[in-house]
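Thanks for coming, everyone. Let me put the model on the screen, and then we can walk through one part of it.

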Amino acid sequence: MSSDAGTTNSGVLRVIRPGRRFIPYRAVQDEERSRLLSKIDSLYREACSRIGGGGGVPSDVARLLVSGVVVGLLDPVSNILVNTLFTSDPITHPCPAGPYMDEAKLGEMVRRSLDGLVAFLVYFFPYLAGWEAVRYLLITDADLFIATRLIVSYRGMTRFSITSPASAEAFVAALRLAAQVAGHPEPPRLVHAWMSRPSRLTDVADVLSASRMELPKLPDLREAWDLTAYRIHGKSYINIPETTRSLRMVLLDTFRCFYLRALARLPRHELRTRYHRSLLKAGYCYGPMDPVSNIILNTIWYDATFSGGERPVLDMIGPSSLTRLECRSFFGLASFIKTRYHNLSDHEITQCLVASSGFLPLADPNLHADAHLSFGDLNFSGDGAAWKVAQHQLKCGDCYDAINKLKNQSPCTRTQEAYEAAATAAWHPNPEAHAAFLSSCKAMLPVSTVLLLQGGDRLTSVQVHHITSLFSPKQPTPEPIKMKNPCPVRVGKRRSEAQQRRITAKVKAALERHLLCDGEPMYDLHIICGANEFVGSPDYGEDKEDYLPCAPCTFRYSHVNFLVTQKGSSSAYRAPILYFAEFNNGEEDKPSLCCRVDAPTPFAEHVRCLYCEGEAAKIVHPASKKFHGRDEFEDVISGKDSYTNDRLISENKYAAEKICGLEEDCMYYDVKCIS
């Protein structure tokens with residue numbers, strides 16, 4: 001059994017690093033699957049006993065063994081009966097009398113139904129391995145909706161909505177896939193039976209009268225979700241799998257929400273010319289305030305304190321660098337809690353961070369007991385509604401034993417030492433200076449500045465210059481970098497610059513298509529905040545634009561997120577708007593899809609994309625549009641594609657937890673200073 005993360009001890013500091021992914025032994029997985037098969041077998045035998053009002057009609061049993069899969073919106077036995085009677089036609093030919101239970105067919109149906117249940121959960125939830133799905137189904141007695149609700153609860157998804165556009169469409173697709181994997185003869189018919197409730201009520205009454213069976217009324221999606229709460233009321237589910245990895249990924253998705261908000265609040269000119277470097281170097285979301293304010297504060301402080309020499313003017317934040325920054329922030333937060341509370345395991349620390357939405361003042365109840373950190377009686381309202389969400393998240397997180405365990409402990413170290421551990425884990429260039437800064441914010445920041453940072457409004461150039469003036473003078477410029485072979489840096493810089501030119505040109509061409517009445521473009525580009533050039537099938541042709549391509553192939557499409565502002569004086573203070581675009585990587589600049597998307601909500605569902613998930617590119621996709629990577633999940637999960645769900649999870653883990661140097665870092669190297 002492998003650990004999901006590693007901890008390095010250095011005196012009182014506890015620095016958490018990425019570790020190997022936890023996977024149970026094959027023998028354990030086989031034993032859990034066998035127990036689940038036994039439970040599903042008993043459910044089918046109970047359903048068979050209820051066929052025909054308990055009399056056991058051979059023709060109905062034969063229909064059950066063909067169409068009676070266990071997937072649906074009700075409890076397992078009711079799902080079997082509903083699928084038997086409403087998703088298959090009556091058998092007209094005579095069935096043999098006497099013993100009619102075909103044990104071989106029953107065993108095959110049980111196995112197919114288990115595969116269908118697992119396929120539903122794996123499709124509906126990102127980062128969920130097959131063995132995890134089996135464990136959730138095992139502890140919920142193969143009840144699909146209870147397992148779904150348990151995963152939502154255990155992942156801390158307090159903003160989840162089963163009827164949102166993203167969830168509703170994913171639910172229909174997952175239900176269709178589950179029916180297909182379970183071997184249902186007509187998956188579209190099963191989906192129609194469950195999702196078109198009003199037209200089926202008359203049929204339900206007729207069948208009940210004819211078969212003398214007591215079937216429940218078919219609910220709609222919202223009703224089924226609410227009914228599940230009554231079915232689990234008073235029950236205690238134990239042996240919930242300790243899936244630190246999936247909890248961490250949900251938290252990293254939430255961090256992307258915070259970084260998008262921070263990018264939208266920073267002024268465009270300073271972001272493109274100065275703050276892109278300090279953001280990627282030290283713009284972590286941990287600190288004494290809410291995550292968005294911490295990102296802005298850490299970014300401005302690093303830029304004001306440490307000179308970086310000549311900076312390029314960029315229209316795009318390095319996509320891999322932004323993902324790395326989110327991961328470094330997580331390990332910084334985890335190391336802070338670990339240093340303060342030595343007795344918490346890595347899994348318990350992750351639970352605490354999920355329950356507090358990554359807000360340190362909520363995750364550590366003793367944080368503001370330190371006189372050096374107290375901001376008096378200020379209400380840390382943070383990013384407006386985000387702080388309320390975090391407080392609600394903490395209340396919902398009381399089910400985690402880790403929360404109560406942390407509350408009953410006293411801190412082992414001072415706050416400054418914990419911040420130093422966080423900065424070390426996050427690869428801050430100067431951990432000691434950063435820890436000293438965060439532990440002495442009260443002396444530097446007046447109340448008006450704290451309120452400005454936490455106000456949630458878009459900052460102006462004058463305001464950020466005022467915040468900059470509060471910090472100490474710049475430190476000396478670092479000495480030139482000495483390398484034996486500077487060629488890799490030069491090549492990496494050229495490749496990164498080529499990527500910037502490619503994506504920026506396509507985005508600006510797309511914006512020029514949105515014209516005002518006078519023919520001028522409607523939007524100004526604020527910043528490109530996400531990109532994945534590895535979408536679609538690979539092309540092994542010759543690359544003509546890039547410098548020394550590191551891969552033997554290119555891909556057909558790119559997915560890009562970018563923030564734009566509307567032109568005009570009345571829109572000068574409006575928050576930037578988030579857009580999604582799918583571009584062809586060829587010569588054509590016209591996007592195949594370009595649309596506005598809603599800013600992501602922390603701890604809520606999101607639209608999945610196979611290619612972006614594999615690259616850990618947290619692109620925000622539209623819920624109601626078709627794009628490459630949306631429908632390909634069905635082939636992966638059903639086994640039609642050689643690319644498996646386990647491989648997807650492994651590649652996502654590798655990309656999401658890469659905290660070391662990246663080729664994009666070469667953008668900030670002055671090749672003239674390399675000797």
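**A helix crossing and its aromatic rings**

Start with Trp 225. It is buried, with a relative accessible area of 6%. Keep in mind that this is a predicted model.

Now its surroundings. Trp 225 is in helix 10, and Phe 145 is in helix 6. Phe 145 has 1% relative accessibility, so it counts as buried, the cut-off being under 20%.

How do the two rings meet? Phe 145 and Trp 225 form an edge-to-face aromatic pair. The centres are 5.8 Å apart, and the planes make an angle of 75°.

Next, the helices. Helix 6 covers residues 144-154, and helix 10 covers residues 221-232. Their axes are 9 Å apart, at an angle of about 80°. That falls between 65 and 115 degrees, so the two helices are roughly perpendicular.

Who makes the contact? From helix 6, we have Phe 145, Ile 146, Thr 148, Arg 149 and Val 152. Helix 10 brings several residues, among them Leu 221, Ala 224, Trp 225 and Asp 226. By type, the contact residues of helix 6 with helix 10 are eight nonpolar, two polar and three charged.

Phe 145 and Trp 225 belong to one aromatic cluster, together with Phe 120, Phe 124, Phe 125, Phe 160 and Phe 171. Over the whole structure, the search finds 23 aromatic pairs.

One last item, on another ring. The charged end of Arg 608 sits over the ring of Phe 633, 4.3 Å from the ring centre.

Terms used: Residues are numbered from 1 along each chain as its sequence is written. This is a predicted model: local features need pLDDT of at least 70, side-chain atom pairs count only at pLDDT 80 or more; totals for chains, interfaces and linings use all residues. Side-chain values use heavy atoms; hydrogens and water are left out. Axes are lines fitted to C-alpha atoms, for helices over the stretch in contact, and angles run from 0 to 180 degrees between N-to-C directions. Helices (H or I, at least four residues) and strands (E, at least two) are DSSP runs, numbered from the N terminus. Angles under 35 degrees count as roughly parallel, over 145 as roughly antiparallel, 65 to 115 as roughly perpendicular and the rest as oblique. Contact means heavy atoms within 4.5 Å. Ala, Val, Leu, Ile, Met, Phe, Trp, Tyr, Cys and Pro count as nonpolar, Asp, Glu, Lys and Arg as charged, and the others, Gly among them, as polar. Rings of Phe, Tyr and Trp (its six-membered ring) pair if their centres lie within 6.5 Å; planes under 30 degrees apart count as stacked, over 60 as edge-to-face and the rest as tilted. Buried means under 20% relative accessible area, exposed over 50%, partly exposed in between (1.4 Å probe, protein chains only). A charge sits over a ring if NZ of Lys or CZ of Arg is within 6 Å of the ring centre and within 35 degrees of the ring normal.
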